[in-house]
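My entries follow in the order I made them.

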Amino acid sequence: MTSRVLQRTLNAGEHGGLRVLECLRWPTPFGSGLRLYVGAHSELEVLKTAPDAAVQITDIARVGDNAIAVGGAPSGTGAVEFAFGADRFLIEAISPETAYFDSCDVMLAQRFAETAEQALDWARRHNAEHGANGFLFFDRAEASAFGRELAKMWDLEARAMVVSSPLPLGHLSMPPVGHLALAPRAKSRAFSPDPWLAPLGEPVLFDLLRWRFLARADTVVSLDLSDFLTEPVDGAGAFDLIRQCHTGMMPLRGRAIFPWRVRRDEVPRLEDHICVAEPDVQVPNRWGVAVKRIDAGALWLPGKIAGVPAVADEVLHYDQAMSLRFPEVEVAELVNKDLLILGEHLHARAITAGHKPIQPPAKPKPAATAPLMPAPSGRVAVVTCMKNEGPFILEWLAYHRMIGVDDFLVYTNDCDDGTDTMLDLLAARGLVQRRDNPFRDTGGKPQQSALDAARSEPLVRDAGWLLSMDVDEFINVHVGAGRLQDLFAAVPDASLISMTWRLFGNADVAAYDDRPITEQFTRCAPHLIRRPHQAWGFKTLFRNQGLFKQIGVHRPRGHLGQDALWVNGSGQPMPERMFKTGWRSELETYGYDLVTLNHYACRSVESFLVKRDRGRVNHVARDQGEAYWFRMNNNDEQDLSIQRHAHGLRVAMAELMGDPEIAAAHNSSVAAHRDKIANLRKDREYAQLYDSLTGERLRRLSRMHRHFGMNVFLCGPSVVPDKVLEPDLPPNFFFNTAPPGQDAAQ
């Protein structure tokens, strides 16, 4: 086994309107085979070779803005002459060098700004822990000395190669990897594009490296130099598991790991990363592949092997060390530090390596941090947050009292529309309890701060069932008489019942009207609608049995490990993995047979203007403009099932409005809401937003969500071309685009 570090350069260049990344040529019984990799921003129509050309293109595969052209040429080596129409030019053809990594277990990594020392440390770890004996580093930097520096210090009995390109391969409009603008918590920040070190803009690079260098390797794992395979379990390393998997390919699922803080003037290292976020911060998917077991036509791409299926329970895991990926970015810019917890295994690894990382400060545990204790009662309690919801309180309260909610604990902040006045009147009559939201004192988010404070309240401690929900959410029980007791009777052994959202749109209603929203807004998303992510969010009713430490926004948090039957809205068991981070349903877990959570996130267009003006209680820094409306406003189908309670609701509301003080408070809130609408519509920005939201384009888009991919919702409605709105498209058409910051559409 040689320990040399080979250095290679792609033969990339511009040729007659084509941005050629590489041309491979190998002998066949009939001459030479060719594989031409064409980069983005090329004039692909010139790939039609002239009939008399010595080189013939027989097949062209499009990969986003890239293309892979396959064909043949006369026998020989070296440059080949292409004849595209009247243009003829030479392209240097390279013979594949697959013998170097023959039968090796190879780690394939992009290198951005990491040092040779960091790369060697990364290689040593994967060599020692998983037995990697081949390393291919693709150096993305311009005119870099990385390869020479690595060669000087390389001391592993493993083969290594550094490959570079004379052309930049990053997205032309994106910042370099490691820039603050790409950090998980990044807001809109100015940056200078860096096509050399930006995220990869030429996805065919991985397939190119396969055919030029890796086609005879035994197994290959694709990671970046900030990514680390988790340590072997029961002695089985990643390469052994890949060899044994069913399809020859295993996806890698990653999580972000963080330092609490890196010491001043020190370079971040893996051992500083001793914290994980709760819930996990997700990072891109990677893959591992048994090269000789997969079909030659399978396409190697950055996040997957196209054409090779994965088996659900065959997954490898890796950690992305965030301060290695973002070395110049403060930890607080990467993650809300309130979400960080010490990873005991990560900390033990650092200590074993002789490092002393900075640990998170110990948090005192007041009495409220004890687990929620079992309650003998069968009372149902709801905890909620409100800010300027005055006009909508009575309907929500009357409805949920009618279907079986016993107690309401409401936290408010910064209300100026009479919400506090209304709630205090209701509290004086024993219908609710109101508290000031303590989030400014705790420094946390408004909603979670309120839920943490609620744990010490007698109303919560004495409840039999608990639920965190919002005033725009209505529980819609489909069994029995439509009451919560009917739901509990349908799943008597359940400890948790998750109710999946069904997004209700504005039903083309523009003007605010003081009528029940459950009566006005009857159009909604279909049951089967996986996009956007919010479409299948859920809220969870759970028994107060001492099984959890905290109330969470979507489900209780801090599962103590005792047995608990968790069911979905159809009464089917939920998978155990949901206990940790679950907040939305999946194809296997959504269900509406027993209960739905009707989510009226938009209401009328005029009311939405007020919602945008005040911000959301759980995401105070996020704007709620056109993109939010587009995601949440789904008018695809009509659902009248909640109307079974329409008569009872009107009776219940009339009873509340029979109290003169409550009626006066409600009318005052309605007047304040209307005044706010009038003022906002005088503002040019809000007037433009109103015109956009009431326009024909967004009205039609609100009935087309099922036809769009996730990236459309991430980017906003402006990325949808007008031709998608044409009425003659097939009923099953599908449109997606590139993620934010990229250019390609599909």
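R603: I found R603 in the loop between strand 32 (595-599) and helix 16; helices (H or I, at least four residues) and strands (E, at least two) are DSSP runs, numbered from the N terminus. The model is predicted, so I note that local features need pLDDT of at least 70 and side-chain atom pairs count only at pLDDT 80 or more, while totals for chains, interfaces and linings use all residues. Residues are numbered from 1 along each chain as its sequence is written, and side-chain values use heavy atoms, with hydrogens and water left out. I looked up phi of R603 and got a positive value near 55 degrees, in a residue other than glycine. Most residues other than glycine have a negative phi. R603 counts as buried at 6% relative accessibility; buried means under 20% relative accessible area, exposed over 50%, partly exposed in between (1.4 Å probe, protein chains only).

D265 lies in the loop between strand 14 (249-259) and strand 15 (273-277). I noted D265 as exposed, with a relative accessible area of 77%.

S607: I placed S607 in helix 16. S607 is buried, at 6% relative accessible area. Not counting residues up to four places away in sequence, S607 touches F392, Y512, H673 and I677; contact means heavy atoms within 4.5 Å.

N634: I found N634 in the loop between helix 17 (626-632) and strand 33 (637-638). Is N634 buried or exposed? N634 is buried, with a relative accessible area of 1%. Leaving aside neighbours within four places in sequence, I listed its contacts, among them L503, F504, R523, C524, S702 and H705. The side chain of N634 also reaches the backbone nitrogen of D636 at 3.1 Å. I took this as a polar contact, a pair of N or O atoms within 3.5 Å; within protein, one must be able to donate a hydrogen and the other to accept it, and residues adjacent in sequence count only if both atoms are side-chain atoms.

Helix 18: I read its buried residues as L649, A652, M653 and L656. They cover an arc of only 95 degrees around the axis, which puts them on the same side of helix 18; the arc is that of the directions from the helix axis to the C-beta atoms. The face turned away from the buried side of helix 18 carries the exposed residues H647 and E655. Against what do the buried residues of helix 18 pack? I found helix 8 (393-403), helix 14 (517-520) and helix 19 (660-682).

Helix 20: At the start of helix 20, I found a side-chain oxygen of D683 reaching to within 2.9 Å of the backbone nitrogen of E685. The buried residues of helix 20 (residues 684-693) are Y686, L689, Y690 and L693. Seen down the axis of helix 20, its buried residues fall within an arc of 100 degrees, so they line one face of the helix. On the other side of helix 20, I noted R684, Q688 and D691 as exposed. The buried residues of helix 20 pack against helix 16 (605-614), helix 17, helix 19 and helix 21 (696-701).
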